[in-house]
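Here is a short tour of one protein model, written for someone who is new to reading structures. Keep the picture open while you read.

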Amino acid sequence: MQFESLGLLGLFASAFISSTVAPGGSEAVLAYLVNQHQIPVVSLVAVATLGNTLGALTTWWLGLWAAAKYPADNLLAGERQRSLRAVRRWGSWALLFSWLPLVGDGLCFAAGWLRVSWISSLCAIFFGKVLRYIAVAYAFI
C-alpha cells in the first residue's frame with residue numbers, strides 16, 4: 001500500500017511540475033508505474049491528468065495576473081506572439097494542445113493573459129491532457 005501512495009504522490013507532483021513553466025517527465029513516470037502493475041491504470045491516468053491540469057491552470061492564472069500589468073501586444077514581438085495568435089484565433093479550442101511540450105505552457109499562459117473563459121479553458125485543457133495520458137498508459141500496458 002505504501003508503494004501505491006508514494007507512486008501516486010510522485011506521479012501527481014511530476015505531472016503538476018511538468019505542466020508549469022518547469023520541464024518535467026510525467027509521461028516517463030506514468031509509463032514506469034504502469035509497467036509495475038501495482039496501481040490500477042485508471043488511478044494512474046486520473047492522478048496524472050489531475051496534476052497536469054492543475055499545473056496548466058496555474059500557468060493560466062499566471063497569465064491572468066500578468067495581464068493586469070502588461071498589455072499582451074506590447075510585451076512580445078514577432079515570433080514570440082505565436083501562442084497569443086493561436087489563442088486569439090481559436091480561443092479555448094487551442095488549449096486542446098496544451099499537452100504539447102514547450103508550446104502547451106505558452107498556450108495556457110496566453111489564454112489567461114487574454115482572459116479566455118476559465119471554465120472553457122479548464123474543459124479543453126482537461127480533455128487534451130486526459131487523452132494524452134490514456135494514449136501513454138495504453139502504449140505501456
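Ser98 sits in the loop between H5 and H6. (Helices are DSSP runs of H or I with at least four residues, strands are runs of E with at least two, and both are numbered from the N terminus.) With 4% relative accessibility, Ser98 counts as buried. The cut-offs go like this: buried means under 20% relative accessible area, exposed means over 50%, and partly exposed is in between, using a 1.4 Å probe and protein chains only. Ser98 and Phe109 are eleven residues apart in sequence, and their C-alpha atoms are 10.0 Å apart in space.

Before going on, keep in mind that this is a predicted model, where local features need pLDDT of at least 70, side-chain atom pairs count only at pLDDT 80 or more, and totals for chains, interfaces and linings use all residues. Residues are numbered from 1 along each chain as its sequence is written, and side-chain values use heavy atoms, with hydrogens and water left out.

Now for Leu102, which is found in the loop between helix H5 (82-90) and H6. Is Leu102 buried or exposed? Leu102 is exposed, because its relative accessible area is 79%.

## The largest pocket

Leu102 turns up again here. The largest pocket holds about 290 Å³ of space, and it has 17 lining residues, of which Ser18, Gly24, Leu100, Pro101 and Leu102 are the closest to its centre. What counts as a pocket? On a 1 Å grid over the protein atoms alone, a pocket is an open set of points with protein on both sides within 12 Å along at least five of seven lines, whereas a cavity is a set of points where a 1.4 Å probe fits but cannot get out; lining residues have an atom within 4 Å of a point. For the volume, grid points are joined across faces, edges and corners, and you take the space filled by probe spheres set on the points.

Sorted by class, the lining has seven nonpolar, six polar and four charged residues. (Nonpolar covers Ala, Val, Leu, Ile, Met, Phe, Trp, Tyr, Cys and Pro; charged covers Asp, Glu, Lys and Arg; the others, Gly among them, are polar.)

## A closer look at H2

In H2, the buried residues include Ser26, Leu30, Ala31, Leu33 and Val34. Take Leu33: at 4% relative accessibility, it counts as buried. Leu33 and Leu8 are 25 residues apart in sequence, yet 8.8 Å apart in space, C-alpha to C-alpha.

Tyr32 also has its place in helix H2, but Tyr32 is partly exposed, with a relative accessible area of 47%. Its C-alpha atom and that of Leu62, 30 residues apart along the chain, are separated by 31 Å.

H2 is followed by His37, which is found in the loop between helix H2 (26-36) and helix H3 (41-67). Phi of His37 is near 55°, a positive value in a residue other than glycine. His37 counts as exposed because its relative accessibility is 61%.

Arg115 has a positive phi too, near 60°, and is again a residue other than glycine. You'll find Arg115 in the loop between helix H6 (103-113) and helix H7 (118-139). At 52% relative accessibility, Arg115 counts as exposed.

## How the helices pack

Two packed helices are described by the angle between their axes and the distance between the axes. Axes are lines fitted to C-alpha atoms, for helices over the stretch in contact, and angles run from 0 to 180 degrees between N-to-C directions. Angles under 35 degrees count as roughly parallel, over 145 as roughly antiparallel, 65 to 115 as roughly perpendicular, and the rest as oblique.

H2 and H3 pack at about 165°, with their axes 10 Å apart, so they are roughly antiparallel to each other. H5 and H6 pack at about 60°, with axes 8 Å apart, which makes H5 and H6 oblique to each other.
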